[in-house]
2 protein chains.
Amino acid sequence: MNFLEKFQSICRFKNSHVCVGLDVDVTLIPPFLKHEKDPMYEFSKAIIDTTSEFAAAFKINTAFFEEQGSKGWQSLEKIVAYLPDNVLKIADAKRSDIGNTSKMYAKAFLKTLPFNAITVNPYLGLDALAPFLCETDKGIFILCLTSNQGAHDFQYLQSGNKFIYEIVAEKVVGWNKNNNCGLVVGATHPAEIRKIRDIAPKLPFLIPGIGAQGGDLAMSLKFTFATSEDPAIFNSSRAIIYASAQKDFAEVAGIKAKHLRDEINNILLDTFPLEQE
Amino acid sequence: MNFLEKFQSICRFKNSHVCVGLDVDVTLIPPFLKHEKDPMYEFSKAIIDTTSEFAAAFKINTAFFEEQGSKGWQSLEKIVAYLPDNVLKIADAKRSDIGNTSKMYAKAFLKTLPFNAITVNPYLGLDALAPFLCETDKGIFILCLTSNQGAHDFQYLQSGNKFIYEIVAEKVVGWNKNNNCGLVVGATHPAEIRKIRDIAPKLPFLIPGIGAQGGDLAMSLKFTFATSEDPAIFNSSRAIIYASAQKDFAEVAGIKAKHLRDEINNILLDTFPLEQE
């Protein structure tokens, strides 16, 4: 089963397009967990327990663990190992470097750590991504159009009659020999999502930017899905995992994850009523 | 003292433009070190001891440590701590993410780990780099034109009458409010180095790609230095640290580092004979 098939079968089996983002900020972990030996792990474990029923994917943001040094990396190792089998396990690492070094990054996240997908940065071009792309059963999500203001600095530059982000999408379609490429497209740019979906009808989209960043869920959904079967997941981090800082934090996170799953599914049902009958 | 001043004073004091790249590949460490408790650390320590006299900077490639998991990250922590004070300590991490996450990466490398410089990727634009740029006494080396073939995929795209790498250089000049920005420019593109130096006459250049990657040292030097005082360092990794796999590996690394320092200084002396009298 290639990555695209795995992606689609998980979304179908879980009936979910939700990606829960584990941006585990030690300063935001509920105070009563801070006495635990490994608060980052205990917090994540509880969140995983209550949200995984509603999630197609978990996206672990490596920066938050690196900020804690080797201790944080140990927590990261334990958390990835704890993730259940029936979800996509995405390292949100945004790596890339020249060939030799990219090989090490690919090993670090797709072998040493048992993630089955990773986010990568396209700026260094194909040979920098090749060591990831040749991991045929893993998903490689290439940054295309990011959700932040800074996307305008380079991603919106025009080359010929195309924006750089469109050229990235086109190139990635060409690089997708193993059906294991995906694109990161921010929900804060719904109109551009349609253009990118036209360029890359078969690529899984990882869509951050809903929730705290203010991206429009309904609009992004409408443009992400040309058909109800299109591969896509929507990430929410802070709005789920920090919804409560009380004893009920995990329970509330579960409710928020379920709510997001249902909200997405309901919009899809409204958008494609005939297909769903 | 701002980063630019620190950069220049170290190069002057050490009379060196050499950056030693610690791409510590466990499979290439001399076999007799593999019985040590922490071979990556013992290897690096020995290399640092023999090369630091000739080096203005050490650049530690994080990928090689991440590939070893939390154990590797522990080695990384020990190695950074071991670096002497009179060199630049560069985390070759090529990070960048949206604001909140970039803040964590900046902390991870410039606070939790005591590096005084880091390499970052420009694709996500200014707000993604801001948490690094506001570390006023640290150096932020932004990827401009990389030494690999894949540089042609996006960095050489034209927008208006400029290449993307030229636009990156221009933007970075504008972002350099704290005199702490630098550029990564591959030695494999000597002609382009001149164009980038014209755009950014005062920025420190970190130049990889000589040695194993085949960049032309004399040509890159000629175009990097418009005057003999221009800020620049040339990285060599494999050609120094793996020059011998025998008992004399550290000694040979020291000889190679000295040789590179002298080679660079001699070319500079030939290029700017009057200034040096």
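Strands (E, at least two residues) and helices (H or I, at least four residues) are DSSP runs, numbered from the N terminus, and two strands pair if DSSP finds at least two bridges between them. Everything shown here comes from a predicted model, in which local features need pLDDT of at least 70 and side-chain atom pairs count only at pLDDT 80 or more, while totals for chains, interfaces and linings use all residues. Residues are numbered from 1 along each chain as its sequence is written, chains are lettered from A and ligands numbered from 1 in the order in which they are written, and side-chain values use heavy atoms, with hydrogens and water left out.

**View 1. The barrel of chain A is built from eight strands.**

View 2. S3 (residues 88-95) and S4 (residues 117-120) of chain A pair in the parallel sense over three bridges. To find one of them, look for A:Ala91, whose bridge partner in S4(A) is A:Ile118.

View 3. Within it, strand S5 (residues 139-145) and strand S8 (residues 181-185) of chain B pair in the parallel sense over five bridges. B:Leu143 has B:Val184 as its bridge partner in S8(B).

**View 4. Chain A and chain B come together at an interface.** In contact (heavy atoms within 4.5 Å) are 59 residues of chain A and 59 residues of chain B. The two chains bury about 4,900 Å² between them, 57% of it on carbon and sulfur atoms; this is the accessible area (1.4 Å probe) that two parts lose on being put together, summed over both.

**View 5. A:Glu66 and B:Arg95 form a salt bridge between the chains.** Their closest N and O atoms are 2.8 Å apart, and a salt bridge is a side-chain nitrogen of Lys or Arg within 4 Å of a carboxyl oxygen of Asp or Glu. The count between chain A and chain B is six salt bridges. Helix H5 (residues 99-112) of chain A gives the most to the side of chain A that touches chain B, with eight residues.
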